[in-house]
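The sequence and model come next.

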Amino acid sequence: MKNIAITLALLFLSVQAASAQDSVTLSHSYFDFGYERIFYVNDLGERLNDANGLVAELSIAPTEHFFLLGEYHYAKSDTISDDDSVSTQDLRLGLGLNAVLAGIIDIYVQGGVRYMETGPLLFFDRIDDLGLYFEPGIRMAVIPLLEVYLSADYTRIDERNLFGVEIGTVIKFTDLLGVEISSRVQENRASLGIGARLQW
């Protein structure tokens, strides 16, 4: 009986330790920096070549279920005639709430302010305004060093409603360092990104 009790206690501690380790892999404290390739479609695709961009994202979780987020995208594209260029900026500042289930699934919601600015040639799609955004998402630690995620977002800006979907994965070499690969689709554009992640 004593051996059974000891075995059960060790099993319980092992499960708790594994759960805690998996929770670390889904931390909301991280910094991402990388490259983004943007593909314009529909009306924008007829006016613009694809764009090269940079992305930076900082998320800080002061508590277990609360985090602060800042995300910045910059991209520059040539027009088809190559006689001018167009740059775009996208900045999001928000806060979020999350819950970890079974140590491997993280469900979150975030929202805040979003600033978007597009180049002067995009008169039919031009935005230079401040709006609000909302994003629900789910992250999953497939194994401790491999994460996949899926999110959707809604933005109300310049009297418009914008929707987007993003899917991606984070491949971690250690608990601190990894590579993020992502794909995003929104109105008139899609993107593929790759970058480095520092997580703590």
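## Surroundings of S151

Leaving out neighbours within four places in sequence, S151 is in contact with Y108, E135, P136, G137, G164, V165 and E166; contact means heavy atoms within 4.5 Å. S151 is found in strand β7, where strands (E, at least two residues) and helices (H or I, at least four) are DSSP runs numbered from the N terminus. The relative accessible area of S151 is 5%, so the residue is buried. The classes are buried at under 20% relative accessible area, exposed at over 50% and partly exposed in between, with a 1.4 Å probe and protein chains only.

## Basis of the model

The model is predicted: local features need pLDDT of at least 70 and side-chain atom pairs count only at pLDDT 80 or more, while totals for chains, interfaces and linings use all residues. Residues are numbered from 1 along each chain as its sequence is written, and side-chain values use heavy atoms, with hydrogens and water left out.

## Overall layout

The protein chain has two helices and ten strands. Read from the N terminus, the order of elements is α-β-α-β-β-β-β-β-β-β-β-β. In the protein chain, 51% of the contacts with a separation of 6 or more are between residues 24 or more positions apart.

Of the 200 residues, 38% count as buried. The chain exposes about 11,000 Å², and carbon and sulfur atoms supply 68% of that area. Accessible areas come from the Shrake-Rupley method with a 1.4 Å probe; for residues, only the protein chains shown count as cover.

## Nonpolar surface patch

F31, F33, L54, L58, I60, L68, L95, L176, L177, L198 and W200 make a nonpolar surface patch of about 1,000 Å². The elements that give two or more residues to this patch are β1 (30-40) and β2 (51-63). The largest share, three residues, comes from β2. Patch residues have over 30% relative accessible area and no salt bridge; like charges are joined within 9 Å, and nonpolar side chains (Val, Leu, Ile, Met, Phe, Trp, Tyr) within 5 Å. A salt bridge is a side-chain nitrogen of Lys or Arg within 4 Å of a carboxyl oxygen of Asp or Glu.

L58 is found in strand β2. With a relative accessible area of 37%, L58 is partly exposed.

The structure holds two cavities of 30 Å³ or more. A cavity is a set of points, on a 1 Å grid over the protein atoms alone, where a 1.4 Å probe fits but cannot get out; lining residues have an atom within 4 Å of a point. Grid points are joined across faces, edges and corners, and a volume is the space filled by probe spheres set on the points.

The largest cavity has a volume of about 470 Å³. Its lining has 33 residues, of which D32, E57, Y149, E166 and E180 lie nearest the centre. At least two lining residues each come from β1, β2, β3 (66-78), β5 (105-117), β6 (128-143), β7 (146-157), β9 (177-186) and β10 (189-199). β10 gives the most, with seven residues.

## Positive phi in two loops

A102 is not a glycine, yet has a positive phi of about 60°. A102 lies in the loop between β4 (85-101) and β5 and is exposed, with a relative accessible area of 69%.

E159, also not a glycine, has a positive phi of about 60°. The loop between β7 and β8 (160-172) holds E159, which is exposed at a relative accessible area of 72%.

Technical notes
On a 1 Å grid over the protein atoms alone, a cavity is a set of points where a 1.4 Å probe fits but cannot get out, and a pocket is an open set with protein on both sides within 12 Å along at least five of seven lines; lining residues have an atom within 4 Å of a point.
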